[in-house]
Amino acid sequence: MDQVVDKTIDVTDFELCPKFEWTFSILGKKWNGLIIDVLLNLGPQRFKDIANKVSKCSDRVLVERLKELESDGIVMRKTYRNSALIEYALTEKGQDLASVMKSIHGWSEKWCQNQSAPKVDQCHQPL
């Protein structure tokens, strides 16, 4: 026999978790998800390579986003002694977003079939 449970939720007691809000302040910022996705899938990259992959983001904004992600502990900026080479890579904290990004890719494959989404057969396979 099925049991019906009457569950009443008092919406006045609902509050967003500050940690959840902080997370979305990072992931929800324009270009951050794409930058993280590039670094997850391609590994450490030079600025110009990230700029080529996230081509609609201006260089000024990309610099700003990379600095923000670095200060949040998601991206690290690697410099090499006696070289002008600078690479950006994900920290352990950034790498830990892999499952989140994979879920977002799955969601987009399932639900982004409307006119606003680009017409593609299939996106790259994440991770």
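Buried means under 20% relative accessible area, exposed means over 50%, and partly exposed covers what lies in between. Keep these cut-offs in mind for the close-ups below, which come from a predicted model.

**View 1. Phe-20 and Phe-24 pair up in helix H1.** By the rule used here, there is one aromatic pair. Because the two residues are four apart in helix H1, about one helical turn separates them. Phe-20 has 46% relative accessibility, so it counts as partly exposed. Phe-24, at 48%, is partly exposed as well.

**View 2. A nonpolar patch sits on the surface.** Leu-16 belongs to the segment before helix H1 (18–27), and its relative accessible area of 46% makes Leu-16 partly exposed.

**View 3. The largest nonpolar core holds 22 residues.** Look for Ile-35, Ile-50, Ile-74 and Val-75, which touch the most other members. The elements giving two or more residues to this core are helices H2 (32–42), H3 (47–53), H4 (59–71) and H6 (98–111), along with strand S3 (86–90). Helix H2 contributes the most, with five residues.

**View 4. A closer look at Ile-74 and its contacts.** Leaving aside residues up to four places away in sequence, Ile-74 touches Ile-26, Ile-36, Leu-69, Ala-89, Leu-90, Thr-91, Lys-93, Gly-94 and Leu-97.

Conventions:
Residues numbered from 1 in each chain as written. Predicted model: local features only at pLDDT ≥ 70, side-chain atom pairs only at ≥ 80, totals over all residues. Heavy atoms only, no water. Core = buried A, V, L, I, M, F, W, Y, C linked by side-chain atoms within 4.5 Å. Buried < 20%, exposed > 50% of the residue type's maximum accessible area, 1.4 Å probe, protein only. Contact = heavy atoms within 4.5 Å. Patch = residues over 30% accessible without salt bridge, like charges linked within 9 Å, V, L, I, M, F, W, Y side chains within 5 Å. Areas by Shrake-Rupley, 256 points an atom, 1.4 Å probe, with all protein chains shown as cover. Salt bridge = Lys/Arg side-chain N within 4 Å of Asp/Glu carboxyl O. Phe/Tyr/Trp six-rings, centres within 6.5 Å; stacked < 30°, edge-to-face > 60°.
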